[in-house]
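Open the model in your viewer and keep a selection tool at hand. The stops below go chain by chain and then across the contacts.

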Amino acid sequence: MFPWVYGFSWTPGHVIFVGVFLTVAAAVAVTVFLAVFRSVQDFRRGKARQIAWQSHFHDLPASDRACRHALTGELKGRVCDNGFDCRQCSVHARLTAIETAPPAGRLYHRGHTWVRPAGDGTLLVGLDEIATKLLGSVGQAAAPPAGTVLEANAPAFTVRKKGAEFRILSPVDGVIVESHDGSQGWFARVKPAENYSDVHLLRGHEATAWFQREVDRLQMAACQVNGMPALADGGVLEGDLSEVLPPGVWESLSAEMLLDS
Amino acid sequence: MTRRATPGKAARYGMIIDLDRCNGCGACMIACAVENNVPPPDAKATPRTGLNWVRVFRVETATRPAFVPVMCMQCGDETPCVSVCPQNAVDVDPSTGVVGQIPERCLGCRYCMAACPYQARVFNWRDPQWPAGMEQALNPNVSARQRGTVEKCNFCHGRWHAAVEAAANEGKTGSVSYTPACVEACPAQAIEFGDLNDAAFAAKARAAGAFRLLEPLGTGPKVYYRTGRAEVRGAVSGLIEEAKNGQRS
Amino acid sequence: MVSALDRAWIPRGVVRAPLTRFGLWVGLWLGVFAVGAYAMYLCLADGLFHTNMDNRYVFGLWIFLDLTVIALGAGAFFTGFLLYVLRKKELKAVINSAVVLGLICYSGAMVILAVDVGQPLRAWFTYWYPNAHSMLAEVTFCITCYLLVLCIEYVPILLKNRRLRGIGGYLVFEHELHKLMVVFALIGTLLSFFHQGSLGGLFGVLRGRPFAFREGFAIWPSTFFLFILSAIAAGPSFIALTTWLVEKISRRRLISAEAYDTLARISGKMLMLYVLMKSLDTLFWLNQTAPARGFPAHRFYEFGNFGGWTLFIEIVILGLLPGLALIHAPLRAKRPVLLAAALAACAGVTLNRFVLTIQTMALPTLPFDRLMSYWPSWQEFAAFGAVVAYGVLVYSFSFRYLTLFPQERELTRAELMQRSQEA
């Protein structure tokens, strides 16, 4: 086998044969050594107990390992893969970072627009978080100009993105006195109509419940798409959805959420 | 697989067996066993488990039967048993052309036996045993083999070695001439032994009526057979045309 | 006390036979093992004349069965490859069992080989003085390496035992080893690939045996590739079959229907590919290879015992038919069909190995020679019986005390819940 063994010859066949064998033997030995070495290091760093717990945990039945966000209904059927240690869990961190409850003080229209009294007798009108996720901010060019007359449930203006068009419904009756690019959340300052009423808008705990349901809808739709961050990861609300979702899905989903046909 | 330095001219030993002379007496088998320290067969040994380096087959033909001594053919082309041995226990000596079996290195896997189309190799199925006193008659020039190893004809390697030594004492190197035991013992002088590098002997081996066993396999045997009877040639050579000719005549 | 200990070692949440029944089962197989161990002792201490092999029949029952169990044991490497490299997650249900089966098949084959060779103490010569041209050297190198890999793959299964996992750093080591398992799966695949192939090449290169000789590509005869294909075709079938057998013997449900389906589907596809290649190879051999070497193919099939029917059964009855049954989804959805087809696939590979070993030895090459027959001695049967017993024992202990089927716990719970509702 080795050059010093009687019968060794430097023929290509011999060298390849023995070379391959020694490579395989070395690969096996190195891998085992690596496993031992890492185990020793885990011990030195005091990670032994944590690894043992993770190992025990993974052998438990899935029903035992339900994620806390699955219990609340935020993430349906998610199984914890982190040994119930939410301190290092990226999913938990992301979920708590996402505002699943809408900011208070706003009145919501079911087409994902909102209204807030500005305090000077005018109203601020904007797109909510879900609409922003789907469309991005409105942009100065797209925002309706001052003087536009708005009527509740009627189209206020049209947003174009990636070749698709969506009409945005107005939440209130009134006239636009100032338009904005939406970078501060609102896109229009509106002088309310004389017979102004906000009874039809959602508020308080009903706004919270509705918003929660809309988030679920978004996630349910998204998790049916192959290759999407699964619902279980809570990853749907990350990033620009028009980039993340396949174009067809993004368009139809946006239309549904914005009550467009 | 290993190459040995050979001073002088290399030999290519071979045999020509005259089937018309062989009468199947079996003297070659006895002489071979005595020469090469093959132990006497155990009481339970069968023709299939015995240690015969040379076997004489009786072959029925259209006329009277023929007798065919078969030993290791010392195949010269792509020797089938050499490449299969997992631990280099079989080699071809480039100075003699003889296929050697190294019993001390043999694992006893018998892969070489499976590879040999002539079934010229035998296995030590049990410990070799000689009756009391018979060890006195053992040939000191040939080592005995142990159980669990393969052995076969090597054209009387012991005799070759003695001949090389004798030649060296006279200052000669290279090809030597000697006589294997079976050749010496044959009462009908049916076996001729010589160097195929010697033009006269080679011509005799290729003369009309000469053939080798299973030639289409391309193993290049160095044992030639010769017969004047077409039916014998047909039955022994394994050549399809020869077989047809043999049936017709 | 013993039963308390026994209970403490059995994985939680699964049901196992009472200790007495398990003891009887183990005792039975220990008996078989003892007889075979005695036969092995006879062969090793006395000589191989205890077998009915002879100078003509140099390979007998053992080599034939060695080739067969190694072919069936291919399920281990192929399942590992599908799971760890191609990420077929549903095979996680059987991977542990496949590893144990592979370990049994390979170690058993090694034991029999050690008895079969005349000088087992010289086995290390093959490593020290290897002949790179010998298929047997390739086989020896690959099988020993792969056996080592299988042992390493067995370690995590062992360390996850309920009691062993509590000891010191066992779980830490298991964790680190498991993270590197893809390396072993890849090395195992490479090694298995080559030794399954070289086991086929073993016979394909015999240029002195026109019945076995095949031409091929580069240094490997076509049997090299056919052995690989047939082994990975039969491997998953064998896993499905053994799992079903363990389910019957232990009276438990072990894997889901999807796992069966995946195994059967993969087996069927590979089997169809194998049948195609085998047919092409056979045609080429019958018409080209054999006649060129002076052996018209009909001469091989003129002997009563080994007529052309062996070819027909091997390729059509035990190849094409089970292949068709396994690739057709509605057919393989029926459990009896699936099992019968899996059994036929395994039988087909067995017959293939039989033909290449036993039939090759039986057929004469010299024109004046005869067909030889051979019947193994009791020592040969008993020694092989010992290997089977060894396998059953290793598997039984592994099944009882280790988690071979991760789905079993939930399947058992569902079954127990259902039963309590019915009551």
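Begin with chain A: the C-alpha centres of its domain 2 and domain 3 lie 40 Å apart. The division of chain A is domain 1 (1-46), domain 2 (48-97) and domain 3 (107-192), with bounds that come from an automatic or database domain assignment.

Before going further, note that this is a predicted model, in which local features need pLDDT of at least 70, side-chain atom pairs count only at pLDDT 80 or more, and totals for chains, interfaces and linings use all residues. Residues are numbered from 1 along each chain as its sequence is written, while chains are lettered from A and ligands numbered from 1 in the order in which they are written. The scores of the model are ipTM 0.90 and pTM 0.80.

**Stop 1: the sheet of chain A**

Select the strands of chain A in the order β1-β2-β3-β8-β7-β4; they form an open sheet of six strands with antiparallel pairing. Strands (E, at least two residues) and helices (H or I, at least four) are DSSP runs numbered from the N terminus, and two strands pair if DSSP finds at least two bridges between them. β1 (107-109) and β4 (149-150) of chain A are at the edges with a single partner strand each, so one side of each has no neighbour in the sheet.

β1(A) runs antiparallel to β2 (residues 113-117) of chain A, and three bridges join them.

Move on to β2(A) and β3(A), an antiparallel pair over five bridges. Arg116(A) stands opposite Leu124(A) in β3(A). This hairpin has five residues between the strands, and in it Gly119(A) takes a positive phi near 100°.

Next, select β3 (residues 123-127) and β8 (residues 186-192) of chain A, which pair in the antiparallel sense over four bridges. Opposite Leu123(A) is Val190(A) in β8(A).

**Stop 2: a covered strand in chain B**

Select β1 (residues 13-18) of chain B. Five of its six residues are buried (20 or more other C-beta atoms within 10 Å of the residue's own, with C-beta atoms placed from the backbone). Which strands does β1(B) pair with? With β8 (residues 191-195) of chain B it pairs in the antiparallel sense over five bridges, and Gly14(B) has Gly194(B) as its bridge partner there. With β10 (residues 223-226) of chain B the pairing is parallel, over four bridges; Ile16(B) stands opposite Tyr224(B) in β10(B).

**Stop 3**

Now show the contact of chain C with chain A: 26 residues from chain C and 25 residues from chain A. Two residues are in contact if their C-beta atoms, placed from the backbone, lie within 7 Å. α6 (125-128), α7 (135-159), α8 (170-179), α9 (181-204) and α16 (408-422) of chain C each supply at least two residues of this side of chain C. α8(C) gives the most, with seven residues. By class, the side has 19 nonpolar, three polar and four charged residues. Ala, Val, Leu, Ile, Met, Phe, Trp, Tyr, Cys and Pro count as nonpolar, Asp, Glu, Lys and Arg as charged, and the others, Gly among them, as polar.

Finally, turn to chain B, where 48 residues are in contact with 35 residues of chain C. On the side of chain C that touches chain B, the largest share, three residues, comes from α7(C). The residues of that side divide into 17 nonpolar, twelve polar and six charged.

Methods:
Buried ≥ 20, exposed ≤ 12 C-beta atoms within 10 Å, placed from the backbone.
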